[in-house]
Amino acid sequence: MREVSEVSEPADEQPARGLSARVPFQVVEVTGPSMVPTLYHGDWLLVQYGAPVRPGDVVILRHPFQQDLLVVKRAVERRAGGWWVLGDNSFAGGDSTDYGTVPEELVLARVRARYRPLTKDQRSVRAVLAWAFSALRPVSAARSVFRRLRAR
């Protein structure tokens, strides 16, 4: 089990600058629990490469110690040397509390929307309607979660 939420990379991975110049939007899949309750394992994200990042945004970044690993975290604040990022699930770890400030060049994309696929156990009409209501959501600075993260 990995400590950070990772996202699958494109099969024909290009350097970050080349990829963002060619394909500004991409769909990636979340694995891992570090962004629960905002994102769950199996969620699909629409990400925008090269988008400006603001405090509170959910972002895709290269792990500072394993740069072949992409992770999804919340950009909490800009500090000297880059971004302080945290997972919404404080029990999962694998964020700036472990590896410090993330250099600006490792923050690749901003998450714009989340799609939660229908699971096999959602068979009742009520479950399908609940899924349909919440399956596709924009991902923005979640004010309540962001305030909680800033209060530490």
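Helices (H or I, at least four residues) and strands (E, at least two) are taken here as DSSP runs, numbered from the N terminus. The structure is a predicted model, in which local features need pLDDT of at least 70 and side-chain atom pairs count only at pLDDT 80 or more, while totals for chains, interfaces and linings use all residues. Residues are numbered from 1 along each chain as its sequence is written, and side-chain values use heavy atoms, with hydrogens and water left out.

The chain has four helices and eight strands, and its elements follow the order β-α-β-β-β-β-β-α-β-α-β-α from the N terminus on. Of its 152 residues, 44% are buried, where buried means under 20% relative accessible area, exposed over 50%, and partly exposed in between (1.4 Å probe, protein chains only). Contact means heavy atoms within 4.5 Å; among contacts in the chain with a separation of 6 or more, 57% are between residues 24 or more positions apart.

Seven of its nine residues are buried, so β7 is largely enclosed by the rest of the structure. Two strands count as paired if DSSP finds at least two bridges between them. β7 runs antiparallel to β3, to which six bridges join it, and L46 stands opposite A113 in β7. The pairing of β4 with β7 is also antiparallel, over three bridges, with L61 opposite V107 of β7.

In soluble globular proteins, nonpolar side chains tend to be buried together. A nonpolar core is defined as a set of buried Ala, Val, Leu, Ile, Met, Phe, Trp, Tyr and Cys residues joined through side-chain atoms within 4.5 Å. The largest such core has 15 residues, and those with the most contacts inside it are L39, L45, V47, V58, I60, V72 and V111. Two or more residues each come from β2 (25–31), β3 (44–49), β4 (58–62), β5 (70–79) and β7 (107–115). Leaving aside residues up to four places away in sequence, V111 touches L45, L46, V47, V58, V59, I60, V72 and V139. A second, separate core of 12 residues includes V53, V71, W83 and V102.

D88 lies in the loop between β6 (82–86) and α2 (96–99). D88 is classed as buried because its relative accessible area is 3%. Its side chain makes a polar contact with the side chain of T38 (2.4 Å), a polar contact being a pair of N or O atoms within 3.5 Å; within protein, one must be able to donate a hydrogen and the other to accept it, and residues adjacent in sequence count only if both atoms are side-chain atoms.
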